[in-house]
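Q: Could you show me how to read helix packing and pockets in a model like this one?
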Amino acid sequence: MSIRLEPLRDAHWPVLETFSLPLDQEKYTTLPTDLDSQLPDGVYPVVITTDEPVGFFLLHDTERVASYTEARNALLLSMFSINHSAQGNGHAKAALRLLPSYVREHFTDKHEVVLSVNLKNEPAFSLYQTVGFVDTGRLIDGPVGPQRIMSLQV
């Protein structure tokens with residue numbers, strides 16, 4: 001089973017609409033079905049697929065990135081999740097390892113990806129560190145408490 005990152009297509013929605021997360025995970029992210037129908041310019045939805053979608057995230061190339069880094073060549077990653085039924089199979093780690101090549105292919109002028117992770121969300125923090133994100137030492141306020149800012153050079 002091979003993991004791929006693909007731009008969101010209409011054909012992905014029937015499976016994305018079935019995604020669920022346990023409550024202890026749902027408080028830290030947002031499901032694809034919670035998206036506004038029209039995303040603003042500069043926000044790019046990405047689907048993590050095997051034979052069908054297993055995960056989802058957004059890449060932002062908007063003014064919002066400036067809240068996370070001073071670098072002008074950065075993207076913000078948000079809403080990262082793996083459908084509960086597909087968890088525990090290494091999909092998240094595999095997808096994040098594909099992220100640098102995906103960014104180099106689709107966003108040729110970008111050389112950094114930043115994200116925030118809740119201080120209480122140790123499993124996510126550990127995952128991001130495992131795939132090369134580094135803790136910048138910066139904190140921001142988030143909807144469920146303080147968030148660490150992490151960065152990955154691509």
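A: A crossing is left-handed if the near helix is turned anticlockwise from the far one by less than a right angle, and right-handed if clockwise. This is a predicted model, where local features need pLDDT of at least 70, side-chain atom pairs count only at pLDDT 80 or more, and totals for chains, interfaces and linings use all residues. Residues are numbered from 1 along each chain as its sequence is written, and side-chain values use heavy atoms, leaving out hydrogens and water.

Q: In which hand does α3 pass α4?
A: The crossing of α3 and α4 is right-handed. Contact (heavy atoms within 4.5 Å) involves A92, K93, L96 and R97 from α3, with L127, Y128 and T130 from α4.

Q: How do I describe the packing of two helices?
A: Two packed helices are described by the angle between their axes and the distance between the axes. Here α3 (residues 91-106) and α4 (residues 122-130) pack at about 40°, with axes 10 Å apart.

Q: And how is empty space found?
A: Rolling a probe the size of a water molecule over the atoms shows where empty space is left. In this model, the largest pocket holds about 1,200 Å³ of space. Y28, T29, M79, F80 and Y128 are the closest to its centre, among 47 lining residues.

Q: Which element gives the largest share of that lining?
A: Strand β4 does, with seven residues. Elements giving two or more residues include α3, α4 and β4 (74-82).

Terms used: Axes are lines fitted to C-alpha atoms, for helices over the stretch in contact, and angles run from 0 to 180 degrees between N-to-C directions. Helices (H or I, at least four residues) and strands (E, at least two) are DSSP runs, numbered from the N terminus. On a 1 Å grid over the protein atoms alone, a cavity is a set of points where a 1.4 Å probe fits but cannot get out, and a pocket is an open set with protein on both sides within 12 Å along at least five of seven lines; lining residues have an atom within 4 Å of a point. Grid points are joined across faces, edges and corners, and a volume is the space filled by probe spheres set on the points.
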